[in-house]
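Trainee: Could we go through this fold together, one question at a time?

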Amino acid sequence: MTSSLTVLIIEDDFLIRTCLVEFLQDSGITVREASNCAEAIACISAERSLDALVADMSLPDGDGMSLSHQAREKWPDLPVIYISGHGNLRRDEASDNPALARFISKPYSLAAILKALREMAEPVSG
């Protein structure tokens, strides 16, 4: 059994965030959560390590893309899943490497987020 992943979820919608956090925790993932950019920045500053970031593209005080850039200053190869319900994802600003950045549109299945996290953040064996 591999050690638990530690993931930061940044989502301003309380119900969406709570459902995702509980689902990931039930799946054995350690979850940190933030409802806005200020909370996310505090979490990024305090964490010793993160295995992945799940960031809403549209937040009340900023956006997930900017937060991912700040997190990658600390962890350059941090995998990021961008989520958005607006359909106007700025794919051109992210890496073309699917191991580092993926976009998932709302509504999404919780299992789709879990699958992407496992594919991106767990070490490849072999």
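Here are a few questions on the sheet and the helices.

Mentor: Happy to! This is a predicted model, where local features need pLDDT of at least 70, side-chain atom pairs count only at pLDDT 80 or more, and totals for chains, interfaces and linings use all residues. Residues are numbered from 1 along each chain as its sequence is written, and side-chain values use heavy atoms, leaving out hydrogens and water.

Trainee: In what order do the five strands lie in the open sheet?

Mentor: Strands (E, at least two residues) and helices (H or I, at least four) are DSSP runs numbered from the N terminus. Two strands pair if DSSP finds at least two bridges between them. Here the pairing is parallel, and the order is E2-E1-E3-E4-E5.

Trainee: Which are the edge strands?

Mentor: Look for strands that pair on one side only. Those are E2 (30–34) and E5 (101–105).

Trainee: Are H1 and H4 parallel or oblique to each other?

Mentor: Axes are lines fitted to C-alpha atoms, for helices over the stretch in contact, and angles run from 0 to 180 degrees between N-to-C directions. H1 (residues 14–26) and H4 (residues 110–121) pack at about 55°. Angles under 35 degrees count as roughly parallel, over 145 as roughly antiparallel, 65 to 115 as roughly perpendicular and the rest as oblique. H1 and H4 are therefore oblique.

Trainee: Which residues of H4 does H1 meet?

Mentor: Contact means heavy atoms within 4.5 Å. From H1, Cys 19, Leu 20, Phe 23 and Leu 24 take part. In H4 they meet Leu 110, Ala 111, Ile 113, Leu 114 and Leu 117.
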